[in-house]
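Here is a predicted model to work through. The questions below go from core to confidence to pocket.

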Amino acid sequence: MAFVYLAIRCLCTFLISTTFGYTSSSDTEIKVNPPQDFEIVDPGYLGYLYLQWQPPLSLDNFKECTVEYELKYRNIGSETWTTIITKNLHYKDGFDLNKGIEAKIHTLLPWQCTNGSEVQSSWAEATYWISPQGIPETKVQDMDCVYYNWQYLLCSWKPGIGVLLDTNYNLFYWYEGLDRALQCVDYIKVDGQNIGCRFPYLESSDYKDFYICVNGSSETKPIRSSYFTFQLQNIVKPLPPVCLTCTQESLYEIKLKWSIPLGPIPARCFVYEIEIREDDTTLVTTTVENETYTLKITNETRQLCFVVRSKVNIYCSDDGIWSEWSDKQCWEVEELLKKTLLLFLLPFGFILILVIFVTGLLLCKRDSYPKMNFSVIDEDFPYQETWY
């Protein structure tokens, strides 16, 4: 009887392992298969890759529980893995195609589907890399991209080391929203060679990974391709502030004021750096978030000049590029004295002129009165005296 019971138990265990994709050598040990057909796919987006897989074997009829997958990936040589837990059968992310990519994935059975503990499969692994052509020194050098005033993008580079004059470089770019990678249509050239690209208006490109590939061609040697990834809002270089003014608020305070740079960048996105010079000596360099700054001065201050520049702040980007310095604006104590004297002398002069005018008018009126004749006749004298 015991033999029959043991046989029935073994048969039940076999049927369960066949149906639900795991085997049990004891009451507590459960195993699950790894995902199938795990691969890294390059759709031609210059570094934006697809990682995809299929469900494990023997789980097609596993309806009582949702299977999850733990995905790990990194560029080869990196010390850290990026880890994702997902229920989907695919994942997308950007990679540096200058290096290889490695990824691994396994199946997770949650505790609701087992005996109260999570069960993991073994790892399925995949790698991807672009076969390099040409030596690394033939790649473009000193790649630099600037998004001027959050309006237009310009990238420039220098030719690789040791390349011949017949070498030319081509730039391709892609960001999410484009259906394919596009080539630059407005190259910057020097002696017939492409050394930069002026990009057209890039619609809906902010806060997305922007992928660039610069490859080259030469009749003498293969040229190594270069890949770059950045976000446009992190390489914005705004215009400098405008309309700088200096105003004396009190005897020992000067208020510095300016207007936000021209262009589409909102006022809330700016941070400013001020450089102040007192009597040709750098006094202070400080960073402020508003368009005003109040400065303390002393009786010895004879001249005060300042310049200011702008950058996109941390609320609108992870990084940014400082603008050029603005035009210089100065305040001078002599100029203040002249204005003060002028302020008091003008009313005083007006009053003086008014007094002179009124006095002259009165004198003119007095001179216009008719004269009176007084004649005195004395019989004792033979002559007549007339008084006026």
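A nonpolar core is a set of buried Ala, Val, Leu, Ile, Met, Phe, Trp, Tyr and Cys residues joined through side-chain atoms within 4.5 Å.

Q: How many residues does the largest nonpolar core have?
A: Leu153, Leu171, Phe199, Phe210 and Ile212 have the most contacts inside this core. The residue count of the largest nonpolar core is 74.

Q: Which phenylalanines does Ile212 touch, leaving out residues up to four places away in sequence?
A: Ile212 touches Leu46, Met143 and Leu171, among others. Cys145 and Cys155 are also on its list.

Q: What is the average pLDDT of the protein?
A: A score of at least 70 is reached by 78% of the residues. The protein's average pLDDT is 83.

Q: How many contacts beyond near neighbours in sequence does the model have for residues 372–379?
A: The pLDDT over this stretch is below 50. Where pLDDT is low, the predicted coordinates should not be read in detail. With that caution, the number of contacts for residues 372–379 is 13.

Q: Where does the second largest pocket lie?
A: Its volume is about 260 Å³. Of its 16 lining residues, those closest to the centre include Ile130, Pro132 and Arg224. Both domains give residues to the lining, so the pocket lies between domain 1 (39–128) and domain 2 (136–236).

Q: How many charged residues are in the lining of the second largest pocket?
A: By class, the lining has six nonpolar and seven polar residues. The number of charged residues is three.

Conventions:
Residues are numbered from 1 along each chain as its sequence is written. This is a predicted model: local features need pLDDT of at least 70, side-chain atom pairs count only at pLDDT 80 or more; totals for chains, interfaces and linings use all residues. Side-chain values use heavy atoms; hydrogens and water are left out. Buried means under 20% relative accessible area, exposed over 50%, partly exposed in between (1.4 Å probe, protein chains only). Contact means heavy atoms within 4.5 Å. pLDDT is the predictor's confidence in each residue, from 0 to 100. On a 1 Å grid over the protein atoms alone, a cavity is a set of points where a 1.4 Å probe fits but cannot get out, and a pocket is an open set with protein on both sides within 12 Å along at least five of seven lines; lining residues have an atom within 4 Å of a point. Grid points are joined across faces, edges and corners, and a volume is the space filled by probe spheres set on the points. Ala, Val, Leu, Ile, Met, Phe, Trp, Tyr, Cys and Pro count as nonpolar, Asp, Glu, Lys and Arg as charged, and the others, Gly among them, as polar. Domain bounds come from an automatic or database domain assignment.
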